Amino acid sequence: MKAIINGLRYDTDKAICIGEASHGYAGDFSRWEAGLYRTPRSGRYFLAGSGGPMTRWARSVDSGNTRTGGDGIFPMDADEAREWAERYLTTEEVESGFPVIDA
C-alpha cells in the first residue's frame, strides 16, 4: 500500500513492519486489521490497514449519509505509535520497534 500525505511518501513495501494486529470478526462493522510501520530513512511511523464502516478506515458514500469499509495509511508520531504498539503488539514486537528502558 502506498500513499503521499502532506508531501511525504509512505510505502508498506519499503517500510519496516514492526507488527500487525486485528480486531473483531468477519462481518463485524468494527472489524479492522493493520500493520504498524517505520520508514527506513526518516524513521516516521504509520499505520496501514483496512476496516469496516465503524473504523478509522471507513469511507462516506451516498452524500456522506452512509459509511462503508475501506483501507488507507495514517501517519503517527512516535508517542502515538508506541501507544498503539503497546496496546496491540507482543512485547517482542514493541522491543524491536522502539527503544525500551528497564524499570
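The model is predicted, so local features need pLDDT of at least 70 and side-chain atom pairs count only at pLDDT 80 or more, while totals for chains, interfaces and linings use all residues. Residues are numbered from 1 along each chain as its sequence is written, and side-chain values use heavy atoms, leaving out hydrogens and water.

Here's where each one sits (helices, H or I, have at least four residues and strands, E, at least two; both are DSSP runs numbered from the N terminus):

| Residue | Element |
|---|---|
| Asp-11 | strand β2 (residues 8-11) |
| Met-76 | strand β8 (residues 70-76) |
| Glu-80 | helix α1 (residues 78-88) |

Let's start with Met-76. Its relative accessibility is 12%, so Met-76 counts as buried (under 20% relative accessible area; exposed is over 50% and partly exposed in between, with a 1.4 Å probe and protein chains only). Setting aside residues up to four places away in sequence, Met-76 touches Leu-36, Tyr-45, Phe-46, Leu-47, Ala-81 and Trp-84 (contact means heavy atoms within 4.5 Å). Met-76 and Phe-46 are 30 residues apart along the chain, yet their C-alpha atoms are separated by 5.1 Å.

Phe-46 also turns up beside Asp-11, which is in contact with Met-1, Lys-2 and Phe-46, leaving aside neighbours within four places in sequence. Asp-11 is buried but has no salt bridge: Lys-2, the nearest side chain of opposite charge, is 4.2 Å away. A salt bridge needs a side-chain nitrogen of Lys or Arg within 4 Å of a carboxyl oxygen of Asp or Glu.

What about Glu-80? With 41% relative accessibility, Glu-80 counts as partly exposed.

Notes
Lys and Arg count as positive and Asp and Glu as negative; His and the chain ends are not counted.
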